[in-house]
Amino acid sequence: MSPRFSDSNLFKPIKVGDGKITLSHRVVHAPTSRSRSTGDGSHFPTDLMLEYYDSRSRSKGTLIIFESCLVSPRSGLVPYKSGVWSKSRCKALKKITDKIHANGSYVSCQIFAPGRVANIEEMKEKNLPYTAPSSIYHSKIQEEQATTHNYPLRALTIEEIKEIQDDFVQAAINCIEEAGFDFVELHGSSGFLIEQFLSPISNTRNDQYGGSVENRCRFLIEIIEKLIEHVGASRIGLRLSAWSQHFGMVYPENVYTDHPPLTFCNYIVEYLEQKKNKGDEIAYVSISEPRVSGSTDQDPKDHTNEPLINRWSGILIRAGGYATNYKAQVNTINTSLLEHVNSDDRTLIAFSRPFTSNPDLVERLRKNFKLDNYQREFFYTHLLNGYLTYGDYIDEHLDSNRLIFTDSELNREGVPLA
C-alpha cells in the first residue's frame, strides 16, 4: 500500500514566525493571482475574493499566502490587482483577513511592484512614471505598446529607487497594522520589479544598483533591512525562483556561462542565513520548483533547487507542480511531495492550481480523496464562473463537484469591498 499523506510530515504541526504561530499542517495556499479584484482602476478587493479565501481557509491552522498586491501607483499598476497603499483598501482587505482568522487560519500578503510590466495605458492615463531599473522592455509587444501610447520606459533615478523602497516598507506596515495580515511576502520572482533589479537581462545600470551580483541584489536587500527595522524579521517572507522564465526572464545558454538567477538567489539566501545566525530570522523563504514557470509547466531538465535549500536553515516553502495529476488518487500524484516534505522538519508544500478547483484541498489530501480538475481557461477571467463554482468533496465517482449557479450569477464580476 502506498504511504498516505496523513502519516507524513505534511500533517504535522509546525511553528512559523518566531514561534508565535503554529500551523496545524504544512499544506500552504500559494499566492494564486486570479484577477478578481476590481478592474476599474480603483484596485480594491471584491466580495468574490472574500468568499474564495473563506472557503480555502476552513481547515484550521492553514497558512494562506494572499495573491500579489500592488505597493504603490508610482511603482506600477496592473488591472485587477488589489493595492495596499491606502487605509481604505487595507480596510477592505481586513474583511478577508478577519474571515481567515475566524476560521482559525493565518495569512501572508505577497506584495510587489510591476516595474516594466506595468499596464502602460493605465500608467499614462494616471500620469504615473513608467519606469524600471533600465529602459529595457520585457517583450516586443510591450515596446510597441509604449510607442503607440508615446509613453516610453525609462530608468529609475536613485531618488526614485529610494522612494519605491519606502513604498514597500509602508505597504508592509499597512498590511500588518491596517489590513491584519500575519506576514508579508516580498515577491522576488516572476519578472516583476525586484527580479528586474536582480537580473542582468533587465538591469544594465552602472551605479550601485547594477553591474555586480552584490549591486543588483542591493535593491532587495535594502528593502529587507528596512522591513526588519519597521515590522520585524519574523513577519517577513520572501519568494524566489532560480528557474522562472516569466515576463522575459529567459537566459540564452550561448550568452551566459553560468545561470544568473541561481547565482543571485544563492547570494540572497546566504545573506538571509547570515541574518538568521545574528538573530534576525525571517519567517520563511518560498522557492519555486524548476518544473513550473508562472502558472505553466516547463521541462525541469537537470535543474535543481538544492543549492538554495542547502544555504538556508530556516522555514522553507516549496511550490510548483506538486499536485497537477488531478485524475490520480492523491497518494500517487507526485512522489517528490512526500520525499520533499519528509526530508527535514522545516519544509512546507504550497499548492496553487489544485486549490483553484478544490476548496477543501487540505482535507482531500488528509483523507486521500480524488482531486477535481482545475480549468486553466478560468484562471484570469474576472467572473464568478470558474472561481467559486467548485464545491467540497462528495463522491469519488463524480467527474466534478461543481456548484450550481444561474447564468446571471456565473457571469457577474465582484462587488468592491468597502
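How many nonpolar, polar and charged residues does the lining of the second largest pocket have?

Tutor: In this predicted model, the lining of the second largest pocket has 6 nonpolar, 5 polar and 4 charged residues. The pocket holds about 330 Å³ of space. Its lining comprises 15 residues, and those closest to the pocket centre are Gln245, Tyr251, Glu253, His259 and His303.

As for the fold, 8 strands form a closed barrel with parallel pairing, in the order S3-S4-S5-S8-S9-S10-S13-S14. From one strand to the next, the twist averages 25°. Helix H1 (residues 47-56) packs on the sheet, where it touches strand S3 (27-29) and S4, and its direction makes about 155° with that of S4. Strand S4 (residues 63-70) runs parallel to strand S5 (residues 106-112), the two being joined by 6 bridges; Cys69 stands opposite Ile111 in S5. Helix H2 (residues 87-102) lies across S4 and S5 and runs at about 150° to S5.

Leu316 of S13 is the bridge partner of Val285, and the bridge partner of Leu316 in S14 is Thr347. In a regular strand, side chains alternate between the two faces of the sheet. Within S13 (residues 316-319), Leu316 and Arg318 point one way, whereas Ile317 and Ala319 point the other way, and all are buried.

How values were computed: Residues numbered from 1 in each chain as written. Predicted model: local features only at pLDDT ≥ 70, side-chain atom pairs only at ≥ 80, totals over all residues. Heavy atoms only, no water. Buried < 20%, exposed > 50% of the residue type's maximum accessible area, 1.4 Å probe, protein only. Helix = DSSP H or I, 4+ residues; strand = E, 2+ residues; numbered from the N terminus. Pairing = 2+ DSSP bridges. 1 Å grid on protein atoms, 1.4 Å probe; cavity = no way out; pocket = protein on both sides within 12 Å on 5 of 7 lines; lining within 4 Å. Points joined across faces, edges and corners; volume = space filled by probe spheres on them. Nonpolar A, V, L, I, M, F, W, Y, C, P; charged D, E, K, R; others polar. Axes fitted to C-alpha atoms, helices over the stretch in contact; angles between N-to-C directions. Contact = heavy atoms within 4.5 Å.
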